[in-house]
Amino acid sequence: MTELTATVDTYLAAWNEADPARRAPLIEQVWAPDGTLVDPPLDGTGHDGISAVADALHAHYPDHRFRRTGAVDAHHDRFRFTWELVRPDGTVAIAGLDVGEVAPDGRLARVTGFFDEP
């Protein structure tokens with residue numbers, strides 16, 4: 001579980017990185033090459049597609065940061081965790097839940113995001 005928690009925290013660190021050049025190695029570290037991210041407004045496949053979704057997020061929510069709000073819950077190759085997107089003043093803009101699947105190599109295969117707390 002410690003390894004998966006570190007993967008999720010790096011996944012969030014990648015979201016928080018506005019510079020695509022600094023974000024790329026974080027995405028490569030935690031995402032399988034054909035990984036798929038599906039959020040309510042956008043989706044992306046592969047490292048470049050996932051980075052493009054992050055670019056759109058930073059354009060829409062400049063200077064906002066994601067933070068995990070609870071433990072990572074997992075069984076088999078599935079996991080979930082709650083998060084918040086925090087404005088620069090510290091207030092919460094959006095909260096949600098991500099559910100995912102881990103690839104055989106331990107990287108993220110699929111993540112589906114849900115907005116609003118469950």
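User: Which element gives the largest share of the lining of the largest pocket?
Analyst: Keep in mind that this is a predicted model. The largest pocket has 16 lining residues, and the elements that give two or more of them are α1 (2-16), α3 (46-60), β5 (78-86) and β6 (92-102). The largest share is 4 residues, and the element they come from is α3.

User: OK, and what volume does the largest pocket have?
Analyst: Picture the spot through the residues that lie nearest the centre of the pocket: D39, P41, L57, F66 and F115. The volume there comes to about 230 Å³.

User: By class, how many nonpolar residues are in the lining of the largest pocket?
Analyst: Take the other classes out of the way to begin with: the lining has 1 polar residue and 2 charged ones. The nonpolar count is 13.

User: Let's stay with α3. How far apart are its end C-alpha atoms, and what span should its residues give?
Analyst: α3 has 15 residues, and at 1.5 Å a residue they should span 21 Å. The distance in the model agrees with that, with the end C-alpha atoms of α3 lying apart by 22 Å.

User: Which elements are included in what covers the buried residues of α3?
Analyst: The buried residues of this helix are G46, H47, G49, I50, S51, V53, A54, L57 and H58. Their cover draws on both helices and strands, and it includes α1, α2 (20-30), β1 (31-38), β2 (43-45), β3 and β5.

User: How many cavities of 30 Å³ or more does a search of the whole structure find, and how much space lies in the largest cavity?
Analyst: The search of the whole structure turns up 1 cavity of 30 Å³ or more. The space in the largest cavity is about 50 Å³.

User: Which elements give two or more residues to the lining of the largest cavity?
Analyst: The residues lining the largest cavity are Y11, A14, W15, R23, I27, V30, W31, I50 and A54. By class they divide into 8 nonpolar, no polar and 1 charged. The elements giving two or more of these residues are α1, α2 and α3.

User: What is T10 in contact with, leaving aside its neighbours within four places in sequence?
Analyst: T10 is found in helix α1. T10 counts as buried because its relative accessibility is 16%, and the cut-off for buried is under 20%. With the sequence neighbours left aside, its contacts are L26, Q29 and V30.

User: Over to the strands. Why is β6 largely enclosed by the rest of the structure?
Analyst: β6 pairs in the antiparallel sense with β5 over 9 bridges, and with β7 (residues 108-115) in the antiparallel sense over 7 bridges. As for β6 being largely enclosed, that is because the buried residues in this strand number 8 of the 11.

User: Which residue in β6 is the bridge partner of E84, and which in β7 is the partner of G96?
Analyst: For E84, the partner in β6 is A95. For G96, look across to β7, where the partner is F115.

User: What phi do the turn glycines G90 and G106 take?
Analyst: G90 sits in the turn of the β5 and β6 hairpin, which has 5 residues between the strands, and its phi is positive at about 95°. The hairpin of β6 and β7 also has 5 residues between its strands, and there G106 has a positive phi near 90°.

User: Which loops hold D63 and H76, the residues with a positive phi although neither is a glycine?
Analyst: Most residues other than glycine have a negative phi. D63 has a phi near 65° and is exposed, with a relative accessible area of 60%, while H76 has a phi of about 50° and is exposed at 80% relative accessibility. D63 lies in the loop between α3 and β3 (65-68), and H76 in the loop between β4 (73-75) and β5.

Note on methods:
Residues numbered from 1 in each chain as written. Predicted model: local features only at pLDDT ≥ 70, side-chain atom pairs only at ≥ 80, totals over all residues. Heavy atoms only, no water. 1 Å grid on protein atoms, 1.4 Å probe; cavity = no way out; pocket = protein on both sides within 12 Å on 5 of 7 lines; lining within 4 Å. Points joined across faces, edges and corners; volume = space filled by probe spheres on them. Nonpolar A, V, L, I, M, F, W, Y, C, P; charged D, E, K, R; others polar. Buried < 20%, exposed > 50% of the residue type's maximum accessible area, 1.4 Å probe, protein only. Expected span 1.5 Å × (residues − 1). Contact = heavy atoms within 4.5 Å. Pairing = 2+ DSSP bridges.
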